[in-house]
Amino acid sequence: WLDVGDWRCGAGDLAHSRRDETIEVFAASELERRRRKFLKHAVDLDKLDDQARHRVRIVAKKLRYMAEFFVHLLAERREGHDRFLRCLEELQTILGELNDRLAAARFLARLAVEIPRRKRLAKDARLLFAAGRISRSLELADKSKLVRRAVKTARKLAEIKPFWR
């Protein structure tokens, strides 16, 4: 299928433009495309809302997985690969923590809405208070610090010379 499959002689831009490329050329161009997409989404990371930051995390994750997948094809260019991946992994971790805190805060906020609908009010009042306190602390706790770390890591990543060039 790779050598003689229908995709090699089918109509369409992809079949015509890529059928004679080596896998190394394809890998480098795809990594470059993903990197540009990441840089575009990561601009002003500190000014993005939570949902946009989560999208940056997804774009970074796709770039990382692609870099891990293609590293053996680009073995002679491996020198910057480890640094590039470490930086991507760090950024994913930071953005993931921000997203996890947001998800937990939203869950607790929904819980706080549900608790008053129950009958056992004395016990539920304590739960409601605790849910509110935890929800608010999750939203605020170190959020600005994590966002600053994410911005710093994204800048560092942007400065790393792509290992596939």
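User: To begin with, is E30 buried or exposed?

Analyst: E30 is buried, with a relative accessible area of 9%, where buried means under 20%, exposed over 50% and partly exposed in between, using a 1.4 Å probe and protein chains only. Before going further, note that this is a predicted model, in which local features need pLDDT of at least 70 and side-chain atom pairs count only at pLDDT 80 or more, while totals for chains, interfaces and linings use all residues. Residues are numbered from 1 along each chain as its sequence is written, and side-chain values use heavy atoms, with hydrogens and water left out.

User: OK, and which side chain does E30 meet in a salt bridge?

Analyst: The partner is R33, with 2.9 Å from N to O; a salt bridge here is a side-chain nitrogen of Lys or Arg within 4 Å of a carboxyl oxygen of Asp or Glu. R33 is partly exposed, at a relative accessible area of 36%.

User: Why are E30 and R33 about one helical turn apart?

Analyst: Because they are 3 residues apart in helix 3, E30 and R33 are separated by about one helical turn; helices are DSSP runs of H or I with at least four residues, strands are runs of E with at least two, and both are numbered from the N terminus. An α-helix has 3.6 residues a turn, so residues three or four places apart point the same way.

User: How many salt bridges does the structure hold?

Analyst: There are 6 salt bridges. Among them is the one between R53 and D50, at 2.5 Å from N to O, and these two residues lie 3 residues apart in helix 4. R53 counts as buried at 6% relative accessibility, whereas D50 counts as partly exposed at 24%.

User: And what does R101 pair with?

Analyst: R101 forms a salt bridge with E97, the closest N and O atoms being 2.9 Å apart, and both residues lie in helix 5, 4 residues apart. R101 is buried at 17%, while E97 is partly exposed at 31%. Elsewhere, salt bridges that share partners join D50, R53 and K143 into one network.

User: What about the second largest pocket, how big is its volume?

Analyst: It is about 160 Å³, a volume being the space filled by probe spheres set on grid points that are joined across faces, edges and corners. Helix 7 gives the most to the lining of this pocket, with 4 residues, and V151 and A154 are among the lining residues. Both V151 and A154 are also among the buried residues of helix 7.

User: Last one: where does E79 sit?

Analyst: E79 is in the loop between helix 4 and helix 5 and counts as exposed at 80% relative accessibility. The C-alpha atoms of E79 and W164 are separated by 9.7 Å, although these residues are 85 residues apart along the chain.

Conventions
1 Å grid on protein atoms, 1.4 Å probe; cavity = no way out; pocket = protein on both sides within 12 Å on 5 of 7 lines; lining within 4 Å.
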